[in-house]
Amino acid sequence: MTPEALLAMRDPLGAPVHPLIAQILLVVTYVLHIFFVTTAIGSLIAGLYGLNRKEENWQRLAKVTIRLSVQATGLGITMGIAPLLFVQVIYDPAWYTATTLMGLWTTLFIPAVALGYLFLYILYLRGNLAGVGYVALALLLLAGFTMHSLAGAGLYPSRWVEWYAPGGIPDTTGVRFFGYNLPRFTALLFGQAALSLGVMLLLFAWYFRRREDVPQGFLAFIQGQAQGALRLGALLFGAFGLAWAFTQGRELGLALPVALVALVVAGLFYLHAPRAKAEGALNTLALYLGVLLLVGLLREGMRMTALGRMGYSPLAYPFVWEWGSLLFFVATGLAAVPVTVYLAQVLYASGRSKEGGDPSPGVERFGDLGVRLLVGWVVFYLGLGLFVVVRNLGV
Amino acid sequence: MYPVWEGVILHSAFIVALVAVAHVLFSHVTVAATWFNWWVERKALAEGKPYLYDYLKASALRLLMFAYTLGAMFGVGIWFSVTASNPRGISTLIHNFVFYWAAEWFWFIIDVFGIAVYYYTFGRVNPKTHARIGLILALAATGTLAIIVGILGFKLSPGHWLQTGHSLDGFYNPTFWPMLFARFALMFALTALYALLVASSLPKNHPARAEVVPLAGKVGLVGLAVGVALVLFWYVPSLPEHARTLLGLPQVVQKVFYIKMALGVAAVALTLLLALLAPQLAVQRGVVYLAFLLAFLGLFGAERTREAIRKPDIILGYMASNQIIQVDFAPRGVKAEVSRLNQEGVLKSLPFAVAPGAKVAGPAGARDPVEAGRTLVVLQCSSCHTVSKNTALLGGMRNLAAMFHRRGMTEAPQIRAYLETIGGFPYMHPVVGTAEERDYMAQYLERLVKEFFPQASAGR
Ligand code: HEM
């Protein structure tokens, strides 16, 4: 792969906005994605462990974390769609080379996710079918590993042709994995899974601290486990992050920044763990989101460096300002975001007591506004279409 | 141009089709079910029929478990399977419509989050709030359908986009309106089947059964009739001329496609009639599953037809199914790739067009002609044809070996001559590459025929 060939692989249509916007959206939505999927994996592992323990607290914790895992998986998958979009806009040469090289795994990815999710649901509804849970875990880990390999393979343009056609003979079956780095995978998945689990458990203890039907002893137990998870996450991320630094990091000339980030994250959470309390859960969450963003930026920097050596810069991606599509996006966001907030408010209110609870009148009014916004969107959508039709009549 | 993924055992295009149809079935059920349930919930409230909530709960749980896990996921699954099988096609869509998809993503979030909120707040918030969540779900689910219709239709009828390059022109394309309304109507037929299935899970004498089953029959039949009429009298006439021509070519759309579609429609119609006339019969699980199965077949026929009548292009009038850009596209200064590939050669131009010795300059002697031919055939033909034993389960898909064998062309010179003529078919583009490269292709194809039909060479 020559630099010219790599650049020539970019889509000739160019991007529909300045590439920096796509890149920012890519990193930010990746952070949301990884937050939820690592929560899913961490809580599933905790749930499966809890099912194995006899103590009542563990059994209860298992129930909580398995339910959390189900919801986090659904949201994690949904959040994954956004970075998936933006990575294809500015990194199409790397992304599509990876997806075709690993064609079989790319295709099996979603069936694995969907089945994993379904099994997770069965585990949740039946409560104690641990076997089903292990299958779900295996499938979700396979999915995570596939994602990891797709992201990793994109970093090595100089190896693509040899991977595709060893000895000059193309292998078009797509059955092999390329570009993976196990320390990176372990740090980003298992390390962050423990951290996410810790943060979510703290949030749980915080949310239920005022509910009389939830025993204080259980909440204290949860807080203790949260601290343990944070400490474990710090150790895993630190150890495997260093290993990542000295393997892939060194290959790409980035050993130092990777090692620094690994040590900072590990240090921060190792020191924070004993002080992490239910009352301060929101602070821990904020700290953690900051850390996830830092790691997300590190990943992105790594990709820019690796491809930059081949003369590829995402920021030099040709683009036009495609106003029609921006209008469509912004208008949809204006309708959808308030509605999403409203749904969260309803859920929040309904969990305040054992019997449920109604949202405040203010929230209800907000809900009515939400419905009007949605109807307004439909009008906008149809109206815009009619406008386009009429404008094209004359052509 | 990217590496080629041919598929394993099954041809990649066939895998895409399976995933796609599964998705269409589930997602259409979901979208209409949100409206149906909203209506039932209003009925429960307005007419004071709390027992209808049992139906709603049963429906929501199944939606949550199956429609969202399997259905919505497989939508993303189509995407993954096409990024593996036709990356430049999906890239064109992404670079045009990324923000439409990103807009759809907002609706996904509401769908996935909302159905969970909907399910967990049954009886935990006041009924009015709950019904509002139902309405929000219905509107958001409709939003996802509304957006994907524009992107899907674009592939078959890019319309003014070809001149202006504006995404809005591509989105609100000539088949956009009929497809929007036809899909919206047809999905109620599928949802009605789903409602029967849910009703059948309630106890035999549950009062909700008597309400829901006939309602499903009515709604479904109206949806089916309106939808089929829209397809026949609005959608088909608004297809580009090329597509309408292909509709009539049995090489492109085999008769069995039409049979499948008719069977699907008939089975659904009969089941829904049954729901009206003999509700007890219509909630027999066997009946409903059979109807679903035939509906699946019908959808398979319909979606495959929609994909087939676009041949030989992935984006009609812009990019061929084999990902080669066919025309200049002035709005973005894109140049057609065909002439360059014909002059400079595919092996020289494309980074993944490799074969032993292929990049070596000079006389062809340095190259392995058959392997070079394989690379070229894989690049140009494999998006629609089985071109190796890798993807030959049950004979493969439009297997080239079988096609040449049937025509009695088993030797390279005959095949070589034939290659020059395929551009004459309305559903194929001319082969690209230098004269030498076309020789290589013929040599590989000869080997392929002989791999599949060893007796062909022995007999001559
Ligand atoms: C529950 C199953 C999943 C798990 C465990 C998972 C895990 C991961 C992990 C660990 C990474 C980081 C990889 C690395 O940098 O080494 C990642 C990245 C990513 N995932 Fe997922 N993921 C899952 C599902 C999904 C789904 C369903 C989608 C798409 C709809 C998705 C889209 C992405 C994207 C686009 C990236 C970033 C790619 C990049 O920036 O290069 N993931 N995922």
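How many residues of chain B are in contact with chain A? In this predicted model, 91 residues of chain B touch 108 residues of chain A, contact being heavy atoms within 4.5 Å. The two chains bury about 8,800 Å² between them, with carbon and sulfur atoms giving 75%; buried area is the accessible area (1.4 Å probe) that two parts lose on being put together, summed over both. On the side of chain B, the most area is lost to chain A by Phe80(B), His95(B) and Phe99(B), together 10% of what that side buries.

The rule finds three salt bridges across the interface of chain B and chain A (a side-chain nitrogen of Lys or Arg within 4 Å of a carboxyl oxygen of Asp or Glu). Arg391(A) and Asp169(B) form a salt bridge through their side chains, at 3.3 Å, N to O.

Over all chains there are 64 aromatic pairs. Rings of Phe, Tyr and Trp (its six-membered ring) pair if their centres lie within 6.5 Å; planes under 30 degrees apart count as stacked, over 60 as edge-to-face and the rest as tilted. Two stacked pairs are tabulated.

| Pair | Centre distance | Plane angle |
|---|---|---|
| Trp105(A) and Phe177(A) | 4.8 Å | 20° |
| Phe329(A) and Phe106(B) | 5.5 Å | 25° |

Trp105(A) and Phe177(A) are both buried (under 20% relative accessible area, 1.4 Å probe, protein chains only; exposed is over 50%, partly exposed in between). Phe329(A) counts as buried at 17% relative accessibility, and Phe106(B) at 13%.

Residues are numbered from 1 along each chain as its sequence is written, and chains are lettered from A and ligands numbered from 1 in the order in which they are written. Local features need pLDDT of at least 70, side-chain atom pairs count only at pLDDT 80 or more, totals for chains, interfaces and linings use all residues, and side-chain values use heavy atoms, with hydrogens and water left out.
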